[in-house]
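Let's take a friendly walk through the charged residues of this protein. Please have the viewer open as you read.

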Amino acid sequence: MEKKTQAKLKIRKGDLVKVIAGDSKGSQGKVVEVIVAKNRAIVEGANMVSKHTKPNAANPNGGIVKQEAAIHISNLALVDPKSGVATRVGRKLNDAGKLVRVAKKSGEEIK
């Protein structure tokens, strides 16, 4: 049996990203969660879906709840911390000799 390796994801929890494809195209938000196994991420305020919920202790009436659904990583682009535009992500050794993510457009280090 072959062992499938997971590609290194360039987007992490807490990053500011822009949706570049799909119904939520153009919207920006912070990454709430990254689902590595499925190459997907949940972005604050993007890809909103209506979820029908049964009545429970937390929500006694039940009803329809709006919540974010996962978006494929390929439909997201990181927002450049310097200029605020969508950019690709590279990796570079910093002064301390640590491998860090950098924005391709400005060369700025991504925190």
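What follows looks at salt bridges, a charged patch and a few individual residues.

This is a predicted model, and a search of the whole structure finds two salt bridges. One of them joins Asp 15 to Arg 101, with the closest N and O atoms 2.8 Å apart. The pair links distant parts of the chain: Asp 15 sits in the segment before S1, while Arg 101 belongs to strand S10, 86 residues away. Both Asp 15 and Arg 101 are buried.

In the other salt bridge, the side chains of Glu 108 and Lys 82 meet at 3.9 Å, N to O. Because Glu 108 lies in the segment after S10 and Lys 82 in the loop between strand S7 (76-79) and strand S8 (86-87), this pair ties together parts that are 26 residues apart in sequence. Glu 108 is partly exposed, with a relative accessible area of 31%, and Lys 82 is exposed, at 59%.

Here are the accessibility values for some of the charged residues.

| Residue | Relative accessibility | Class |
|---|---|---|
| Arg 12 | 42% | partly exposed |
| Lys 13 | 67% | exposed |
| Lys 82 | 59% | exposed |
| Glu 108 | 31% | partly exposed |
| Glu 109 | 31% | partly exposed |

Which residues form the positive surface patch? The patch is made up of Lys 8, Lys 10, Arg 12, Arg 88, Arg 91, Lys 92, Lys 98, Lys 104 and Lys 105. Among them, Arg 12 is located in the segment before S1. At 42% relative accessibility, Arg 12 counts as partly exposed.

Lys 13 is also found before strand S1 (16-19). Is Lys 13 buried or exposed? Its relative accessibility is 67%, so Lys 13 counts as exposed. Leaving aside residues up to four places away in sequence, Lys 13 touches Val 31, Val 32 and Val 34. The C-alpha atoms of Lys 13 and Ile 42 are separated by 9.0 Å, and the two residues are 29 apart along the chain.

Note on methods
Residues are numbered from 1 along each chain as its sequence is written. This is a predicted model: local features need pLDDT of at least 70, side-chain atom pairs count only at pLDDT 80 or more; totals for chains, interfaces and linings use all residues. Side-chain values use heavy atoms; hydrogens and water are left out. Helices (H or I, at least four residues) and strands (E, at least two) are DSSP runs, numbered from the N terminus. Buried means under 20% relative accessible area, exposed over 50%, partly exposed in between (1.4 Å probe, protein chains only). Contact means heavy atoms within 4.5 Å. Patches are made of residues with over 30% relative accessible area and no salt bridge: like charges are joined within 9 Å, nonpolar side chains (Val, Leu, Ile, Met, Phe, Trp, Tyr) within 5 Å. Accessible areas come from the Shrake-Rupley method with a 1.4 Å probe; for residues, only the protein chains shown count as cover. A salt bridge is a side-chain nitrogen of Lys or Arg within 4 Å of a carboxyl oxygen of Asp or Glu. Lys and Arg count as positive and Asp and Glu as negative; His and the chain ends are not counted. The place of a charge is taken as NZ of Lys, CZ of Arg, CG of Asp or CD of Glu.
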